[in-house]
Amino acid sequence: PEEHSFFSFDDASASEDVIISTIKKAEDDNSVIVRLYDIKGESRNVILKSANDFKSAVITNLIEEEIKEIPMKKNKVKINIGHHSIETIKLKR
């Protein structure tokens with residue numbers, strides 16, 4: 001197609017209010033790191049969709065230390081973005 005997104009959101013309002021600030025290779029392995037935040041500074045739940053196949057998702061801190069695994073189903077992961085926080089997700093192949 002002429003246009004393709006590696007990541008998108010299920011909710012149209014999330015795509016207007018949530019910014020994906022980083023997509024990069026993880027420092028320690030071949031996972032993908034995605035960082036995002038809400039530009040309005042509100043807490044919200046979003047569903048991040050990936051065009052690629054990933055087996056699992058983990059919330060990490062900014063230096064990519066794993067905090068907790070979060071459910072991933074059909075390349076979608078539900079993320080709670082906290083009030084004025086940057087959320088980092090590690091997607092494993």
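**View 1. A salt bridge between Glu 27 and Lys 24.** In this predicted model, Glu 27 is exposed, with a relative accessible area of 60%. Its side chain meets that of Lys 24 in a salt bridge, with a separation of 3.0 Å from N to O, and Lys 24 is partly exposed at a relative accessible area of 24%. The pair is part of a structure that holds 10 salt bridges.

**View 2. Asp 10 and Lys 49 joined by a salt bridge.** The closest N and O atoms of Asp 10 and Lys 49 are 3.4 Å apart in this salt bridge. Because Asp 10 lies in the loop between E1 and H1 while Lys 49 belongs to strand E4 (residues 44–50), the pair ties together parts that are 39 residues apart in sequence. Both partners are partly exposed: Asp 10 has a relative accessibility of 39%, and Lys 49 has a relative accessible area of 27%.

**View 3. Lys 92 and its surroundings.** Lys 92 is placed in strand E9 (residues 87–92) and forms a salt bridge with Glu 66, the closest N and O atoms being 2.9 Å apart. This pair links distant parts of the chain, with Glu 66 in strand E6 and Lys 92 in strand E9, 26 residues apart. Glu 66 is partly exposed, with a relative accessible area of 44%, and Lys 92 likewise counts as partly exposed, at 24% relative accessibility. When residues up to four places away in sequence are not counted, Lys 92 touches Ser 31, Phe 54, Lys 55, Ser 56, Val 58 and Glu 66. The C-alpha atoms of Lys 92 and Ser 56 are separated by 5.3 Å, although these residues are 36 residues apart along the chain.

**View 4. Asp 17 in helix H1.** Asp 17 is found in helix H1 (residues 12–17) and has a relative accessible area of 9%, so it counts as buried, the limit being under 20%. Its side chain makes a polar contact of 3.0 Å with the side chain of Arg 44. Salt bridges that share partners join Asp 17, Asp 38, Lys 40 and Arg 44 into one network. Apart from residues up to four places away in sequence, Asp 17 touches Tyr 37, Asp 38, Ile 39, Lys 40 and Arg 44.

**View 5. The hairpin of strands E5 and E6.** Strand E5 (residues 56–60) and strand E6 (residues 66–70) run antiparallel and are joined by four bridges, with Ala 57 standing opposite Ile 70 in E6. Five residues lie between the strands of this hairpin, in which Glu 64 takes a positive phi near 70°. Thr 60, which lies in strand E5, counts as buried at 5% relative accessibility. Leaving aside neighbours within four places in sequence, Thr 60 is in contact with Glu 65, Glu 66, Ile 67, Thr 88 and Lys 90.

**View 6. An open sheet of four strands.** The strands of this sheet follow the order E1-E4-E8-E7, with antiparallel pairing. Strand E1 (7–9) and strand E7 (72–73) are the edge strands, each pairing on one side only. E7 pairs with strand E8 (residues 76–81) in the antiparallel sense over two bridges, and Lys 73 stands opposite Lys 76 in E8.

**View 7. A nonpolar surface patch.** Ile 19, Tyr 37, Ile 39, Leu 62 and Ile 86 make a nonpolar surface patch of about 440 Å². Among them, Ile 19 has its place in strand E2 (residues 18–25) and is partly exposed, with a relative accessible area of 31%.

Key. Residues numbered from 1 in each chain as written. Predicted model: local features only at pLDDT ≥ 70, side-chain atom pairs only at ≥ 80, totals over all residues. Heavy atoms only, no water. Pairing = 2+ DSSP bridges. Patch = residues over 30% accessible without salt bridge, like charges linked within 9 Å, V, L, I, M, F, W, Y side chains within 5 Å. Areas by Shrake-Rupley, 256 points an atom, 1.4 Å probe, with all protein chains shown as cover. Salt bridge = Lys/Arg side-chain N within 4 Å of Asp/Glu carboxyl O. Buried < 20%, exposed > 50% of the residue type's maximum accessible area, 1.4 Å probe, protein only. Polar contact = N/O pair within 3.5 Å; in protein donor to acceptor, adjacent residues only side chain to side chain. Contact = heavy atoms within 4.5 Å.
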